[in-house]
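Please keep the structure in view while reading.

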Amino acid sequence: DRGVERVVRDFFPAVLVRLPPGGEDGGPVLSSRLTFNYRFMLEHALAEASGADHLIVLEDDLLVSRDFLSFFTSAADLMRSDPSIFCASGYNDNGFEANAVDGARVWRGEHFMALGWMLSRETLRLA
């Protein structure tokens, strides 16, 4: 989405990475290809943004909330103080108003939410 790309370029020191299409003739299985593509994208983005300690990954059609930046800023502080946190996700499958009792509460999850998330440079280095 060009609108999302414009906002990202205006407000963040971001790098937009579009992976080349892969061939299906004898290439790796889908999970291996996805792993390779994610690793390539993360390493490339962090290399381009050499002064950044963290990287936020958004799907191109994701709508962000008003507290998006403050949430990830706080999450980065939390990740620095607790190295057991792999990433911070700004998405919750059950985050609808009817299900959310406390909008300020943060939960530690057991699975990876891949819609809008943040990873630290150090975590990628150790992975």
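In this predicted model, His54 is in contact with Leu46, Ala76, Met79, Arg80, Met118, Leu119, Ser120 and Arg121, once its neighbours within four places in sequence are left aside. His54 belongs to strand S1, which covers residues 54-58, and with a relative accessible area of 16% His54 is buried, because that value falls under 20%.

Side chains of opposite charge can pair when their charged atoms come close. Across the whole structure a search finds 4 salt bridges, and the table lists some of them, including the pair that involves Arg80.

| Salt bridge | N to O distance |
|---|---|
| Arg39 and Glu43 | 2.6 Å |
| Arg80 and Asp77 | 2.8 Å |
| Asp82 and Arg108 | 2.7 Å |

Arg39 and Glu43 are both part of helix H2 (residues 30-48), where they sit 4 residues apart, about one turn of the helix. Arg39 is partly exposed at 29% relative accessibility, and Glu43 is partly exposed at 38%. Arg80 and Asp77 are both found in helix H3 (residues 68-81), 3 residues apart and again about one turn of the helix, with Asp77 partly exposed at 44% relative accessibility.

How many residues apart in sequence are the parts that Asp82 and Arg108 tie together? Asp82 lies in the loop between H3 and strand S2 (87-89), while Arg108 lies in the loop between S2 and strand S3 (116-120), so this pair ties together parts that are 26 residues apart in sequence. Asp82 counts as partly exposed at 22% relative accessibility, whereas Arg108, at 55%, counts as exposed.

Turning to the aromatic rings, the structure holds 3 aromatic pairs. Among them, Tyr38 and Trp117 form a tilted pair, at 6.2 Å centre to centre and with 50° between the planes. This pair links distant parts of the chain, since Tyr38 is in helix H2 and Trp117 is in strand S3, 79 residues apart. Tyr38 is partly exposed, with a relative accessible area of 34%, but Trp117 is buried, at 2%.

The rings of Phe71 and Phe72 have centres 5.1 Å apart and planes at 80°, so they make an edge-to-face pair. Phe71 is partly exposed, at 27% relative accessible area, while Phe72 is buried, at 3%. Together with Phe68, Phe71 and Phe72 form one aromatic cluster.

Note on methods. Residues are numbered from 1 along each chain as its sequence is written. This is a predicted model: local features need pLDDT of at least 70, side-chain atom pairs count only at pLDDT 80 or more; totals for chains, interfaces and linings use all residues. Side-chain values use heavy atoms; hydrogens and water are left out. Helices (H or I, at least four residues) and strands (E, at least two) are DSSP runs, numbered from the N terminus. Buried means under 20% relative accessible area, exposed over 50%, partly exposed in between (1.4 Å probe, protein chains only). Contact means heavy atoms within 4.5 Å. A salt bridge is a side-chain nitrogen of Lys or Arg within 4 Å of a carboxyl oxygen of Asp or Glu. Rings of Phe, Tyr and Trp (its six-membered ring) pair if their centres lie within 6.5 Å; planes under 30 degrees apart count as stacked, over 60 as edge-to-face and the rest as tilted.
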